[in-house]
Amino acid sequence: KHYNKTRYAGLENHIPNSYANSLLQLMHYTPLLRNMALQHAATACVSDLCLLCELGFVFDMLQKAEGATCQATNMFKALSGTPQGKSRCFPA
């Protein structure tokens, strides 16, 4: 709230993997993807590391934060738990 005087939330930029924040925000403002992730996160998903659930949780936080900053740490942890995330750019 010190710098952001708007109702739009941001993502913390001092955590590891925060370089992906701009991509998360881009996805958040894509209505089809945002609605699909929010609807999926509201279901009883059976996967332990579901990236769509985690996206839905991040989008839900961003909508409810009203200008506060949010962390996408769980999203990055879930991504690093996938084979693609481990081999690319998200160290565990």
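Me: Buried means under 20% relative accessible area, and exposed means over 50%. In this predicted model, is Cys70 buried or exposed?

Reply: The model is predicted, so its local features need pLDDT of at least 70. Cys70 has a relative accessible area of 7%. The cut-off for burial is under 20%. Cys70 is therefore buried.

Me: And where does Cys50 fall, buried or exposed?

Reply: The relative accessibility of Cys50 is 13%. The limit is again under 20%, so Cys50 counts as buried.

Me: How many disulfides does the structure hold?

Reply: A disulfide is a covalent bond between the sulfur atoms of two cysteines. Here the sulfur atoms must lie within 2.5 Å. For Cys50, the closest cysteine sulfur is that of Cys53, at 3.6 Å, which is too far for a bond. The number of disulfides in the structure is zero.

Me: What is the order of helices and strands along the sequence?

Reply: The protein has five helices and two strands. Reading along the sequence gives the pattern β-α-α-α-β-α-α.

Me: What share of the residues counts as buried?

Reply: The protein has 92 residues. Burial here means under 20% relative accessible area. The share of residues that count as buried is 38%.

Me: What part of the accessible surface belongs to carbon and sulfur atoms?

Reply: The accessible surface of the protein is about 6200 Å². The part belonging to carbon and sulfur atoms is 59%.

Me: How are helix 1 and helix 3 oriented to each other?

Reply: Two packed helices are described by the angle between their axes and the distance between the axes. Helix 1 covers residues 21-28 and helix 3 covers residues 51-64; their axes are 10 Å apart, at an angle of about 80 degrees. Angles of 65 to 115 degrees count as roughly perpendicular. Helix 1 and helix 3 are therefore roughly perpendicular.

Me: Which residues of helix 3 make the contact with helix 1?

Reply: Helix 1 supplies Leu24, Met27 and His28. The contact residues divide into five nonpolar, two polar and no charged. From helix 3 come Leu55, Phe59, Leu62 and Gln63.

Me: At what angle do the axes of helix 2 and helix 3 cross?

Reply: Helix 2 spans residues 31-41, and its axis comes within 7 Å of that of helix 3. The two helices are roughly perpendicular. Their axes cross at roughly 105 degrees.

Me: How many charged residues are in the contact of helix 2 with helix 3?

Reply: Helix 2 contributes residues including Arg34, Ala37 and Leu38. Among those from helix 3 are Cys53, Phe59, Asp60 and Gln63. The contact has nine nonpolar and three polar residues; the charged ones number two.

Me: Is His28 buried or exposed?

Reply: His28 sits in helix 1. Beyond four places in sequence, His28 is in contact with Arg34, Phe59, Leu62 and Gln63. Its relative accessible area is 6%. The cut-off is under 20%, so His28 is buried.

Me: What is the C-alpha to C-alpha distance between Gln63 and Tyr8?

Reply: Gln63 belongs to helix 3 and, at 42% relative accessibility, counts as partly exposed. Outside four places in sequence, Gln63 is in contact with His28, Arg34 and Leu38. Tyr8 lies 55 residues from Gln63 in sequence. In space, C-alpha to C-alpha, the distance is 7.9 Å.

Notes:
Residues are numbered from 1 along each chain as its sequence is written. This is a predicted model: local features need pLDDT of at least 70, side-chain atom pairs count only at pLDDT 80 or more; totals for chains, interfaces and linings use all residues. Side-chain values use heavy atoms; hydrogens and water are left out. Buried means under 20% relative accessible area, exposed over 50%, partly exposed in between (1.4 Å probe, protein chains only). Axes are lines fitted to C-alpha atoms, for helices over the stretch in contact, and angles run from 0 to 180 degrees between N-to-C directions. Helices (H or I, at least four residues) and strands (E, at least two) are DSSP runs, numbered from the N terminus. Angles under 35 degrees count as roughly parallel, over 145 as roughly antiparallel, 65 to 115 as roughly perpendicular and the rest as oblique. Contact means heavy atoms within 4.5 Å. Ala, Val, Leu, Ile, Met, Phe, Trp, Tyr, Cys and Pro count as nonpolar, Asp, Glu, Lys and Arg as charged, and the others, Gly among them, as polar. Accessible areas come from the Shrake-Rupley method with a 1.4 Å probe; for residues, only the protein chains shown count as cover.
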